[in-house]
Amino acid sequence: MARETPELTAEFFESMMELEPPWFVDHISFDASKRRLVLYIDFEPGGTFTCDTCGTEGCRAYDSFLRKWRHLDFWGLRTVLSAPAPRVKCPRCGVRQARVPWARSRRRFTRPFEDFVVSLADEMPVRAVARILGEHDTRIGRLVNHPSVATGTRPR
């Protein structure tokens with residue numbers, strides 16, 4: 001008996017990432033030679049955001065700039081999110097960075113990637129984690145020792 005399965009479409013990745021409006025996956029790029037998958041995320045015009053400084057919701061975008069975040073690998077492919085990072089005009093703080101739902105403030109890795117790195121670092125040296133993930137050990141060390149994500153009991 002054949003089962004219906006979802007296709008690897010923008011909607012599939014939106015669902016897997018639990019993206020909610022105004023965010024959506026605009027398109028997907030796959031480079032077989034580099035073994036790299038890029039998800040291009042965008043936001044709907046007129047969408048509102050949360051101020052990353054004070055948490056005020058419903059702020060309109062002031063401007064944005066393109067950023068990239070390393071995400072968990074998908075089927076062994078290095079996976080990157082590329083999206084405009086909006087700044088908002090917050091009534092309390094002025095022009096500030098908006099929160100993005102997939103990453104912590106001012107970070108270059110997604111939350112799931114950071115959580116995975118920290119769980120690996122609880123079990124093995126940072127240098128081994130960096131080698132497995134193809135990242136520089138200094139970046140992984142800073143991530144693991146950052147108070148916003150560091151967990152576990154062993155010293156790093």
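The model is predicted, so local features need pLDDT of at least 70 and side-chain atom pairs count only at pLDDT 80 or more, while totals for chains, interfaces and linings use all residues. Residues are numbered from 1 along each chain as its sequence is written, and side-chain values use heavy atoms, with hydrogens and water left out.

Let's start inside. A nonpolar core here is a set of buried Ala, Val, Leu, Ile, Met, Phe, Trp, Tyr and Cys residues joined through side-chain atoms within 4.5 Å. Buried means under 20% relative accessible area, with exposed over 50% and partly exposed in between (1.4 Å probe, protein chains only). The largest nonpolar core has 26 residues, and the members that touch the most others are Trp23, Ile41, Trp69 and Trp102. Two or more residues each come from α1 (10-17), β1 (23-31), β2 (36-43), β4 and β5; helices (H or I, at least four residues) and strands (E, at least two) are DSSP runs, numbered from the N terminus. Strand β5 gives the largest share, 6 residues. Apart from this core lies another one of 12 residues, including Phe109, Ile140, Leu143 and Val144.

Now the rings. Rings of Phe, Tyr and Trp (its six-membered ring) pair if their centres lie within 6.5 Å; planes under 30 degrees apart count as stacked, over 60 as edge-to-face and the rest as tilted. The structure holds 10 aromatic pairs. One of them joins Phe12 and Phe13, edge-to-face at 5.2 Å centre to centre with 80° between the planes. Phe12 counts as buried because its relative accessibility is 17%, and Phe13 counts as buried because its value is 6%. Trp23 and Phe43 also pair edge-to-face, at 5.6 Å centre to centre and 80° between the planes. That pair links distant parts of the chain, with Trp23 in β1 and Phe43 in β2, 20 residues apart.

Last stop: helix α3 (residues 126-133). Its buried residues are Val126, Ala128, Val129, Ala130 and Leu133. These pack against β4 (59-74), β5 (77-90), α2 (111-121) and α4 (137-145). Just after α3, Gly134 takes a positive phi of about 70°.

Methods: Contact means heavy atoms within 4.5 Å.
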